[in-house]
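This report describes the fold of two chains and the contact between them. The structure is shown first, and the description follows.

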Amino acid sequence: MTTVSAERLAKIFVEVADTLVDEFDLIEFLHLLTDRTAGLVQASAVGMLLADQRGNLEFIAGSDENVKLLELFQIQNQQGPCLDAFRTGRPVINADLRTAGARWPRFAPHATAAGFRSVHAFPLRLRSEVIGALNLFGAGVGAFDEADVQIVQAVADVATIGLLQERTIHRSELLTEQLQGALNSRIVIEQAKGAIAQAHGVSVDEAFARMRGYARRAHRRLSEVAHAVVTDVGSIPELSAEPPQPPG
Amino acid sequence: MGGMRRLCAAAAQAMSASGAAVTVMAEDGERGAMVATDLTSERLEELQFVLGEGPGADAFASRRPVLVPDLAGETMARWPVYTPAAGDLGLRAVFAFPLQVGAARLGVFEVFRVRSGQLSSGELRHALIFAEVALTTLLDGQANAPLGAPADGLVGAVEHRAELFQAQGMVMVQLGISLAEALARMRAHAYAENLQLGAVAAEIVARRLRFDPDQRSPQAGQGEAGRQT
């Protein structure tokens, strides 16, 4: 459907390369990937799940993360395209949610109710292992062609490289160390959402919007801001008010 | 801490290890109680706190596991004093796991081996489960949880995990307590009210349940959570 623009793709890879050589924060990096993937193939929402090595798929980053969407990711611990891609190591392409009720009796109606029509899932592959999945939702009928599939799979592979981007890439222990660290960082972000929601009387979605908005404006990492919040929720007074609207 | 010692012994056995230990630590890295399966493990654990370096200290500081399948193969720069000293005690491999839930850190769990070699994926899974049980034990100990409180893992049975951690952040702010204590209070409440932890978290996030002592039911203990309509 898309025939991704080469220029756009090149821009993303330059941005990704910059992130990899810069001081590195895995959650930020995976968030960047999901965000840019959504723009690249005009997906309504993109999320990434990582396996916690006990077989649970956990949400790690997304182009968006409202409560409804988080729930859609979490359901896939039991069923859904991500679990299928994770188990088989093969992508799930152009699945039509309106006719997927038999395949995913719980996931499909939830996804439809959230306003989605199509879904795709790509495995995050590391040699013979699958360590997670990249999930794309569309508001329209899915129409990925072979070229789209290859490009999104390449993005998924870049995510895996990011997970292992330290020098000792051959060390298999590193994957465990990184994965566990990343999953724990993700938990801190959720804890911070709750702390802000309580302290400032807002929803957890609004809490996240404020935290991300502040991190961007202050050029601070999301994980770092989340840590500051759970250490002392009053330490960032900017979070008590709605962020200023960006100009234009 | 008798339960913790049995836990370490079971972990060591499940992972074909020579020993295991749990050290309780404060958020600032100050060391608290320690439990080990045997004298050598105890000395290994002592060693890194005396020296101020080692896999356990690093796991706690970096908030991620530190897995060392071949201690002799480590560069000396990593732990210049610990590595030879632990080697003298016969240590060949060590696997350290932080006991944490997000920003809440309670200690570190370490597994020791007298032969080098990686953990199999099954052993690794076991280690992560033991770490979670150890964390749960510490949490419930902190909250003076009733004996026989469900040892169903910390969050294992909770489907909407994000909600659980959000609720934890909310309770932390409501009561002005630590994140660890907030989770312990939620667990205690779930147990006392015979509810699933996930259901308690959902009520908190939906703002139908709050723990502020000045909101309702001022009596102390786990009955203090107030329900709002």
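Of the 229 residues that make up chain B, 49% count as buried. The coordinates belong to a predicted model. Chain B contains 8 helices and 7 strands in its secondary structure. Among the contacts of chain B with a separation of 6 or more, 58% are between residues 24 or more positions apart.

## Domains of chain B

Chain B is divided into two parts, with domain 1 covering 2–142 and domain 2 covering 161–227. The centres of domain 1 and domain 2 of chain B, taken over C-alpha atoms, are separated by 31 Å. Their contact draws on 8 residues from domain 1 of chain B and 8 residues from domain 2 of chain B.

On the side of domain 1 of chain B that touches domain 2 of chain B, at least two residues each come from β5 (104–113) and α5 (121–142) of chain B. The element that gives the most to this side is α5(B), with 3 residues. By class, this side of domain 1 of chain B has 5 nonpolar, 2 polar and 1 charged residues.

Strand β1 (residues 19–25) and strand β2 (residues 31–36) of chain B pair in the antiparallel sense over 4 bridges. Within this pairing, B:A21 has B:A36 in β2(B) as its bridge partner. The hairpin of β1(B) and β2(B) has 5 residues between the strands, and B:G29 in this hairpin takes a positive phi near 90 degrees.

The bridge partners B:A21 and B:A36 are also the residues that B:E42 touches, not counting residues up to four places away in sequence. B:E42 lies in helix α2 of chain B, which comprises residues 39–51. Is B:E42 buried or partly exposed? B:E42 counts as partly exposed because it has 15 C-beta neighbours inside 10 Å, whereas a buried residue would need 20 or more. B:E42 and B:G19 are 23 residues apart in sequence, and the C-alpha to C-alpha separation in space is 9.0 Å.

## Strand β1 of chain A

How many of the 7 residues of β1(A) are buried? The count is 7 of the 7, so β1(A) is largely enclosed by the rest of the structure. Both faces of β1(A) are covered. One side carries the buried residues A:A45, A:G47, A:L49 and A:A51, and the other carries A:V46, A:M48 and A:L50, which are buried as well.

Strand β1(A) has antiparallel pairings with two strands, β5(A) and β2(A). The pairing of β1(A) with β5(A) extends over 6 bridges, and A:L49 has A:A133 as its bridge partner in β5(A). The pairing of β1(A) with β2 (residues 57–62) of chain A is made by 5 bridges, and A:A51 stands opposite A:L57 in β2(A). In the hairpin of β1(A) and β2(A), there are 5 residues between the strands, and A:Q53 takes a positive phi near 75 degrees.

## Helix α6 of chain A

Helix α6 of chain A comprises 18 residues (146–163) and should span 26 Å at 1.5 Å a residue; its end C-alpha atoms are 26 Å apart, which agrees. The buried residues in α6(A) are A:D148, A:V152, A:V155, A:A156, A:A159, A:T160 and A:L163. Seen down the axis of α6(A), these buried residues fall within an arc of 150 degrees, so they line one face of the helix. An α-helix has 3.6 residues a turn, so residues three or four places apart point the same way.

The face of α6(A) turned away from the buried side carries the exposed residues A:E146, A:A147, A:Q150 and A:I161. The cover over the buried residues of α6(A) includes α2 (26–40), β1 (45–51), β4 (118–126), β5 (129–138) and α7 (172–200) of chain A. The enclosed strand β1(A) is thus also one of the elements that cover this helix.

## Contact between the chains

The contact between the chains takes 30 residues from chain B and 29 residues from chain A. On the side of chain B that touches chain A, β3 (66–68), β4 (93–101), α5 and α6 (161–175) of chain B each supply at least two residues. Helix α6(B) gives the most to this side, with 11 residues. The residues on the side of chain B that touches chain A divide into 17 nonpolar, 8 polar and 5 charged.

Key
Residues are numbered from 1 along each chain as its sequence is written. Chains are lettered from A and ligands numbered from 1 in the order in which they are written. This is a predicted model: local features need pLDDT of at least 70, side-chain atom pairs count only at pLDDT 80 or more; totals for chains, interfaces and linings use all residues. The expected span of a helix is 1.5 Å times one less than its number of residues. A residue is buried if 20 or more other C-beta atoms lie within 10 Å of its own, exposed if 12 or fewer, and partly exposed in between; C-beta atoms are placed from the backbone. The arc is that of the directions from the helix axis to the C-beta atoms. Two residues are in contact if their C-beta atoms, placed from the backbone, lie within 7 Å. Domain bounds come from an automatic or database domain assignment. Ala, Val, Leu, Ile, Met, Phe, Trp, Tyr, Cys and Pro count as nonpolar, Asp, Glu, Lys and Arg as charged, and the others, Gly among them, as polar. Two strands pair if DSSP finds at least two bridges between them.
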